[in-house]
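Subject: Structure handover

Hello,

I am passing this structure on to you, and my notes follow it. Please look through the structure first and then read on.

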Amino acid sequence: MSFEPKILGIACNWCTYTGADLAGTTRLKYPQNLRVVRVMCSSRINPSFIFRAFQLGADGVLVGGCHPGDCHYNTGNLYARRRLATTKKILEFAGFEPGRLRVEWISASEGNKFAEVVAEFTAQIRNLGPQAKLKIQE
Amino acid sequence: MTEFKKIEENLKTEATRLLKEGLVTVVLAYGKGFDENHPMPYAAKTIADVENIVFNEYCNYNMARYLVRYPQGTKIAIAVKAADSRAVIQLIQEEKVKRENLVILGIPVQGMKNPKTGEIIDSKTTCGMYNPVLYDLLLGEEVHGAKSASPYDVLAEYEKMDKEARWEFWKKEFDKCIRCYACRKACPMCYCDPCFIDQSKPKWADKAPQSPGNMMYHLTRFHHLAGRCIDCGECSRACPVDIPLYLFHKKVAKECEEMFNQAAGMSIEDKPVLVDFRVEDSDKILE
Ligand code: SF4
Ligand code: SF4
Ligand code: FES
């Protein structure tokens, strides 16, 4: 059987989620490997969400937020940037592939960028293959 | 070399004075254990308690660990070595204690030893500083001219490992974990109640000492200590199965210093790096 990556998307309500909507309403095609969870702001994302997603079998996690300076709550994504950068370093030092976590700033009007990022990230995860390190084996 | 007996005497003198004058209600220091090599954390509350105070090269405990146990406003005197003073600073930054409620008894010291192995720990498993960063009184001679090693030197051989080797290394280490939580208990920065790992709604991880739960506990704990760990090394010394937690904490500290230009617990004017930001932080750190 060919490998179909399972990718968790966590998108902020005001920019990336709306951008995803725009990609949908403009009928842009992008891989169906992404399942999106909406949060109010990228700063809502507890790093444990990401560790847990990998444990529960995600092959990749894509986090989307407003561009720095554009966060609906002004500074949420500036905190998130530091926090998620740290998450990535921790995964990396543990010997996990840091490339399985990606953070992108995608505005509400960037439906195109959303579709491109999803396509690119899906291809990258396909290359990395199934994620087995953190996944809990039954 | 550090004169441990002299420091012990000074500690007793100061403790007696502070308690007698009613300036503090408790003095956090070290007390007699079952033998020389195993002193214990000790809280002296009366003048009679003071005679139990000891100080020797095995007094590794970071007494800052006990500050958060007293209600805010309690007047406390605390004996601190270099890393311990950084923990006090970090706790002040995090508004867990107020500077004005503390009398900080600084202890410059060189040649602390790990009671389990007898080996000198100065920069290997601790932050490599000899003099306290913040204090009201210094109980010994400042250490000058000691060979200063970077606290990150010990990382070199681990940084050379490739990704797969690192994964194997840590997986093997975390699989040993029996989830006694001594690391958390020893750590001055682990004060959350309840700790995420004890929560059941949401349940973040299994409580059984098995691979997945252990992994979740440790990765998350490293994250919660990012930019806050002051590298005292107590977690690793407390661990009954000798997991080298200090290596991971040092690595995260090093990365945080590189990304955010600030080391933990160096100034009470700082803010912890993860509850702070700069507009000019670069997106490069996300790559
Ligand atoms: S994580 Fe370990 S080295 Fe860091 S402050 Fe806590 S006990 Fe000390
Ligand atoms: S002290 Fe060691 S064995 Fe106990 S929970 Fe911490 S890492 Fe695990
Ligand atoms: S609301 Fe979009 S990142 Fe804060």
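**Pockets**

The second largest pocket holds about 360 Å³ of space. The model is predicted: local features need pLDDT of at least 70, side-chain atom pairs count only at pLDDT 80 or more, and totals for chains, interfaces and linings use all residues, while side-chain values use heavy atoms, with hydrogens and water left out. Residues are numbered from 1 along each chain as its sequence is written, and chains are lettered from A and ligands numbered from 1 in the order in which they are written.

The terms work as follows. On a 1 Å grid over the protein atoms alone, a pocket is an open set of points with protein on both sides within 12 Å along at least five of seven lines, a cavity is a set of points where a 1.4 Å probe fits but cannot get out, and lining residues have an atom within 4 Å of a point. Grid points are joined across faces, edges and corners, and a volume is the space filled by probe spheres set on the points.

The second largest pocket has 18 lining residues, and Tyr61(B), Ala186(B), Glu234(B), Arg237(B) and Ala238(B) lie nearest its centre. Helices (H or I, at least four residues) and strands (E, at least two) are DSSP runs, numbered from the N terminus. By class, the lining of the second largest pocket has 9 nonpolar, 4 polar and 5 charged residues. Ala, Val, Leu, Ile, Met, Phe, Trp, Tyr, Cys and Pro count as nonpolar, Asp, Glu, Lys and Arg as charged, and the others, Gly among them, as polar. Domain 1 (4-138) and domain 2 (155-286) of chain B each give at least three residues to the lining of the second largest pocket; the domain bounds come from an automatic or database domain assignment.

The largest pocket has about 830 Å³ of space. Its lining has 30 residues, with Met189(B), Tyr191(B), Cys192(B), His224(B) and Arg228(B) the closest to the centre. Both α5 (182-186) and α6 (211-224) of chain B give two or more residues to the lining of the largest pocket, and α6(B) gives the most, with 3 residues. The lining of the largest pocket divides into 16 nonpolar, 4 polar and 10 charged residues. This pocket lies between domain 1 (4-138) and domain 2 (155-286) of chain B, because both give residues to its lining.

**Ligand 1**

Near here means that a heavy atom of the residue lies within 4 Å of the molecule. Around ligand 1 are Cys187(B), Pro188(B), Arg221(B), Leu225(B), Cys229(B), Ile230(B), Asp231(B), Cys232(B), Gly233(B), Glu234(B), Cys235(B) and His249(B). This shell has 7 nonpolar, 2 polar and 3 charged residues.

**Cavities**

There are 4 cavities of 30 Å³ or more. The largest cavity has a volume of about 160 Å³. It is lined by 14 residues, of which Lys81(B), Ala83(B), Val109(B), Met112(B) and Thr126(B) are the closest to its centre. Helix α2 (residues 82-93) of chain B gives the largest share of that lining, 3 residues. The lining of the largest cavity has 8 nonpolar, 2 polar and 4 charged residues.

The second largest cavity has about 100 Å³ of space. Of its 14 lining residues, Cys177(B), Cys180(B), Cys183(B), Cys239(B) and Pro240(B) are the closest to the centre. The lining of the second largest cavity divides into 12 nonpolar, 1 polar and 1 charged.

**Cysteines**

Over all chains, 0 disulfides (pairs of cysteine sulfur atoms within 2.5 Å) are found. Cys192(B) is in no disulfide, and the nearest cysteine sulfur, that of Cys195(B), is 6.8 Å away. Buried means under 20% relative accessible area, exposed over 50%, and partly exposed in between (1.4 Å probe, protein chains only). Cys192(B) is exposed, at 54% relative accessibility, and Cys180(B) is partly exposed, with a relative accessible area of 41%.

**Backbone**

A cis peptide bond joins Asp193(B) and Pro194(B), with omega about 0°. The bond from Lys201(B) to Pro202(B) is also cis, with omega near -5°. Pro194(B) is in the loop between α5 and α6 of chain B, and Pro202(B) is in the loop between α5 and α6 of chain B.

Regards
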